[in-house]
Structures are given as structure tokens and as C-alpha cells.
Amino acid sequence: MKISQIIANIDENYLFVPAFQREYVWKKPDAKRLIDSLIKDYPTGTMLTWKTHKPPELKGDYVHNPTHGAVKLILDGQQRITTLYMLMTGEIPPYYQKKEILHDVRGLYVHVANGSLEYYRKKFMENNPYWVNLTDIFKGDIGTFDIVNRIEECNIGVRLSKSEVNQINDTVNAITDIRNREFLEQTIPIKATIREAIDIFYIVNSSGVNLTEAELALAQISGYWPKAREEFKAKLDQLSENGWVFKLDFIVYALLATMYGMGSNMRKLHGEENKDRIKETWAILDSKVLDYTVNILQSKAYVDHSSEINSVYALIPIIAYIFQQRGYKLNGKQIAKVIKWFYYSQVKNRYISQLPQKLDKDLQVVKSSESPFDELLKLIEDEKGLEIKPYEFVGRSIRSPYFSLMKWVFKSQNAICLDTGLTIRKNMGKKYTLENDHIFAYSVLRDSEVLMMEDKIDYSLAHEFTGRMILTQTGNRTKSNKLADVYLTKAEKRFPGSLQLQCIPEDKELWKVENYKKFLQVRRNLLAKTFTEFLNSISATAPNIVATIDVTELIESAEGQFLEFKATLRYSLTENKVDPRLEDVILKTVAAFRARPKITYTN
């Protein structure tokens with residue numbers, strides 16, 4: 001099918017995108033590469049369509065009337081087609097709402113003399129007539145002679161040569177010819193059912209990297225429950241308004257966890273036999289469990305919004321646990337155990353890798369254990385340890401989960417902004433939004449040469465999170481690049497005790513710029529001690545808790561502080577013979593382990 005015909009079919013309400021498709025997610029570099037390939041006549045992929053008299057729910061406002069005949073649905077290739085529609089017409093296609101266009105790829109320009117493509121940059125394009133908006137060419141609003149006249153008008157007295165005009169004409173023709181390019185179309189037979197069409201959609205996408213397993217599962221769910229995506233997105237919008245931003249994947253994980261107690265086998269949700277159960281489960285998640293989970297984190301764990309969390313999937317075991325409880329609520333003791341585990345799941349990066357497998361294990365514990373979060377905490381302890389040491393903070397930036405823990409601890413202590421005196425727990429309006437700033441201004445550290453900024457280690461120390469404090473937006477603007485000793489002296493005088501609440505050392509000698517490294521050392525110790533006391537005070541772990549370590553999971557993870565692999569116990573792979581000396585080497589490693597042992601495996 002020609003690209004021009006595809007565009008026309010969309011405008012004539014014949015070509016649609018089914019509701020189970022995801023939003024438009026391409027970015028500007030993707031759009032630029034597509035146009036570049038089309039100009040160069042490179043292959044650009046295919047599209048998969050399905051002609052049907054009984055379509056599933058469609059994206060957009062159009063409601064299908066069976067008396068109008070069959071319609072055609074785009075099952076694969078809609079990202080490319082949407083890109084072309086926006087660049088060729090300058091409009092968003094009718095099957096999308098503006099909020100579903102995550103990245104607006106319009107505004108692509110071409111340099112008509114050399115054919116290069118760039119998005120608009122005022123500095124380079126404003127007074128350069130050689131740069132032309134691609135959409136203007138596609139729409140016929142500007143042609144070769146218009147461009148030539150504009151160039152000559154901007155360069156009075158200069159006339160373009162014939163070869164220059166031909167080059168511009170070639171560029172314009174290469175762009176306009178895109179409308180006549182053929183998109184190879186693969187079609188699903190009209191006799192196919194919705195279920196069969198979605199199965200084909202799944203097969204096509206599962207062979208590539210276009211959709212995640214959760215997105216493919218959502219496509220299947222939308223096939224037998226057309227309103228699913230719409231309901232899920234409505235809830236996500238509601239949560240987002242309160243600072244809790246999740247993707248649709250998160251909802252699918254929550255459904256799989258509450259219905260089947262697992263995090264990996266998304267195919268469990270594919271069958272239509274799930275329809276009634278999934279609607280019932282979602283009704284409870286929507287009206288009770290999700291809001292309750294967020295409220296617990298806000299009111300009891302001092303987590304004000306999702307951006308403070310390094311992995312939102314730590315909420316999945318919590319959601320599953322709440323779902324299991326009568327009345328979908330927890331008592332005080334249960335909440336304390338949940339929160340303690342949540343903190344450790346963040347600072348020990350429980351779900352940074354192998355998410356489905358770890359969720360499988362953790363959700364099984366939630367489902368079967370009498371003290372699930374004690375056992376889950378023991379799992380973290382056995383794998384990574386619970387101890388928090390000052391050396392773990394060295395060179396770690398604000399992206400470290402320990403920085404989030406620092407904010408939560410400070411909020412629990414009713415810490416205040418050192419400039420405004422307002423508590424950092426309850427913010428009043430946008431200008432009091434929480435921000436962070438260097439206690440020792442970066443420019444001061446740089447100019448003092450206390451740190452050599454070209455040195456990677458020193459540079460990381462300059463940005464270490466232990467050198468930061470939490471301020472309101474107003475306070476951060478006021479602080480600017482004041483010297484630390486001047487700023488801290490004033491803050492302590494105005495708000496006595498405020499430094500202690502943010503674990504800032506009170507020894508004034510440490511506030512001098514030349515003592516920055518000593519300041520970091522002291523504050524690391526203060527923070528480690530405060531974090532440990534805070535976490536220990538939340539809840540006591542039930543006695544005699546034993547967690548089963550999954551050896552397969554350990555083998556699949558990387559070596560670290562508490563895990564080390566040995567290829568053999570006494571056989572030399574280099575010399576291809578038994579070498580008892582290797583036993584000494586391995587025994588020394590084992591002997592060096594602490595009372596809470598590291599884990600060593602030999603194959």
C-alpha cells in the first residue's frame with residue numbers, strides 16, 4: 001500500500017488502531033532515521049493489518065457502525081505510520097489523543113542543499129533559508145522555486161547556479177516521492193476472530209523487541225475486555241495527579257501478583273477465562289488496594305511521590321499482601337514490617353535486575369509465609385546483608401537509593417529547610433517543592449582547588465549525596481553559592497537544632513572549605529548511624545526466621561560484596577590437572593568471610 005493511500009485511509013475513517021495497542025512512544029531520533037531511510041530508498045519494514053466487520057474497541061473517538069462495512073486495523077507498524085502521518089500532515093492522527101503522543105516528532109527540517117535532517121534549532125536555522133520544514137514540503141506549501149527565490153532574496157545579488165537549483169530540486173523530489181513509496185503490507189484474513197488476530201499480533205511482536213511481556217499481556221486482556229486499557233489509564237492518571245507515576249506495565253504486574261502470586265508468567269493473563277476474575281480483581285485494586293498502598297507509604301514511610309523510589313516494583317509484594325488481608329487493610333504491626341522491608345528493598349536494590357524471577361520468589365513467600373516480610377527481609381540479609389556502612393556512601397550521587405533514604409529519615413525527624421524554617425515533610429505550594437543543594441557550593445569547591453575536578457574520584461566526592469542538604473525550592477534559590485561556614489552559622493542561629501535534624505556535623509572547623517573531605521567522613525558516619533538506628537526502630541524481626549536462598553537465582557546474579565564464585569575447588573583449569581594448592585586459596589577466601597558469611601559456590 002502506498003504511503004499516500006495509508007494517510008488517506010486514516011483520514012477517511014477506514015484505517016484504525018485497536019485500543020489494545022500502546023501509545024506513540026517513538027522519539028525524534030527514531031523519526032529522523034525513518035525519513036532518512038525513506039529518502040535513501042532503504043527498506044523500512046512492513047505493516048500488519050486486519051480487515052474485519054467486527055473490530056475490537058478502537059483508539060480515538062470513532063465508533064464503528066457495522067452497516068458501514070469492514071474496517072482495517074493496524075496491528076504492527078503503527079509507530080512508523082503515526083510518525084509519517086504527523087510529519088506529512090502536521091497533525092496528530094485521529095486515532096490518538098494528544099496526551100498519548102509521548103514525544104511530538106513534528107518540526108523536522110531538511111537542508112535542501114545537502115539533504116541533512118535536523119530538528120529546529122533557532123541559532124542555526126532562523127536566518128538560513130536552506131533549512132526548510134519537511135511538513136511544508138509534504139503539504140505542497142513550498143516547492144523548489146519558492147525555496148530558490150527565498151535563498152536569492154536573503155542573499156541579494158547572488159543567483160544560484162543551475163547545479164545548485166538541481167540539487168535543491170532533487171532534495172524536494174526525494175521528499176515528495178515518499179508519498180508514493182510502498183509499505184509492504186501483510187494481512188490477516190477477514191475471517192479471523194478477535195482472538196486469532198491478537199494471537200498473531202502477539203507472535204509478531206514477541207519475535208522482536210517492540211513490546212514487553214506485560215504490554216503483550218495487556219493486548220490480550222484488551223481483546224477480551226475492551227475497556228481494560230481505558231480503566232487502567234484512568235487510574236494511572238488519578239495516581240499521577242498526586243505524584244505517583246506508574247506505567248501500564250505496573251498494573252499488569254499487580255494483576256498477575258494478586259491473581260496468580262507470580263511475577264514472570266504473563267501468559268497466565270492471556271486466556272479469556274480470566275475475564276470475570278480480572279474485572280473483579282481490578283475493581284478491588286482500583287477502589288481499595290492501590291490507594292491504600294500509596295497512603296501507607298505517604299503517611300507511614302514518608303514517601304511523598306514515586307520519584308523518590310528507585311524501583312516501584314517493590315510495591316507489588318505489598319499490594320499482593322494487602323489484597324490477601326480481610327478488609328484489604330493492615331494493622332500497625334503489619335505496616336511496620338512492610339515499611340522496614342520496603343526501605344531495605346530500595347537501598348539494597350532488590351528489583352534492579354531479574355525483576356520477574358525475584359517477584360516470583362517474593363510473591364510466593366507473601367502467599368505462603370506466616371511472617372512474609374520478616375522472611376523477605378531475611379532473604380535480603382542473607383544475599384546482601386542489612387548492615388549500612390559509611391564506606392557505601394563514598395562517591396555515591398543523589399541517584400543512590402541511600403539519598404532517598406536520607407530524605408525519608410530527615411522527614412521522620414521533622415527536619416526543616418535551613419533557609420525558610422519550613423518542615424520538609426509538608427510542602428505548601430509549588431515554590432516550596434523539595435530540592436537538594438550542595439552544602440559546600442560546587443563553584444566554591446572548584447575554585448578552592450580542595451578537589452581536583454579533572455580527577456574522577458574527586459569529582460564524584462564533589463557530588464556525593466552526603467554533601468547535600470534538603471531545602472524548599474525558595475530556600476535553594478536563596479542559598480546560591482554562599483560559603484558553607486557562613487550559611488550554616490546563620491542557619492543554626494536562626495533555627496537552633498536544625499543542623500542536627502539533617503545530620504550536619506556541628507563542629508564549625510569542618511565547615512571550612514579546606515576541610516571538605518573531613519566533613520564528608522564525619523557526615524558519612526553520622527548518616528550511617530542514623531540510618532541504622534532509624535531502620536532498627538521500625539520493627540523487630542520475628543525470631544527463628546529462615547529464608548531459603550534460591551541457588552539458581554544466585555548463580556544468575558553477578559558477584560558482589562556477599563557473593564563470590566569459584567570455578568573449581570582443587571582442579572587447575574590452566575594446567576588441566578588436580579592442584580591441591582587451590583584448596584588453600586579457596587579456604588583463605590572462606591576464612592576471610594565475616595560472621596555473617598559471604599556465599600561461595602563451586603561448580
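In what order do the 4 strands of the open sheet line up? They go S1-S3-S2-S7, and the pairing is mixed.

This is a predicted model, where local features need pLDDT of at least 70, side-chain atom pairs count only at pLDDT 80 or more, and totals for chains, interfaces and linings use all residues. Residues are numbered from 1 along each chain as its sequence is written, and side-chain values use heavy atoms, with hydrogens and water left out.

View 1. Strands here are DSSP E runs of at least two residues, helices are H or I runs of at least four, and both are numbered from the N terminus; two strands pair if DSSP finds at least two bridges between them. S1 (15–16) and S7 (184–188) each have a single partner strand, so one side of each has no neighbour in the sheet. S1 runs parallel to S3 (residues 71–76), joined by 2 bridges. Leu15 has Lys72 of S3 as its bridge partner.

**View 2. Confidence along the chain.** pLDDT is the predictor's confidence in each residue, from 0 to 100. The chain's mean is 86, and 89% of its residues reach 70 or more.

**View 3. Who lines the largest pocket.** Its lining has 22 residues, with Glu23, Leu102, Phe246, Lys247 and Leu248 nearest the centre. Helix H10 (228–241) gives the most, 5 residues. A pocket is an open set of points on a 1 Å grid over the protein atoms alone, where a 1.4 Å probe fits, with protein on both sides within 12 Å along at least five of seven lines; lining residues have an atom within 4 Å of a point.
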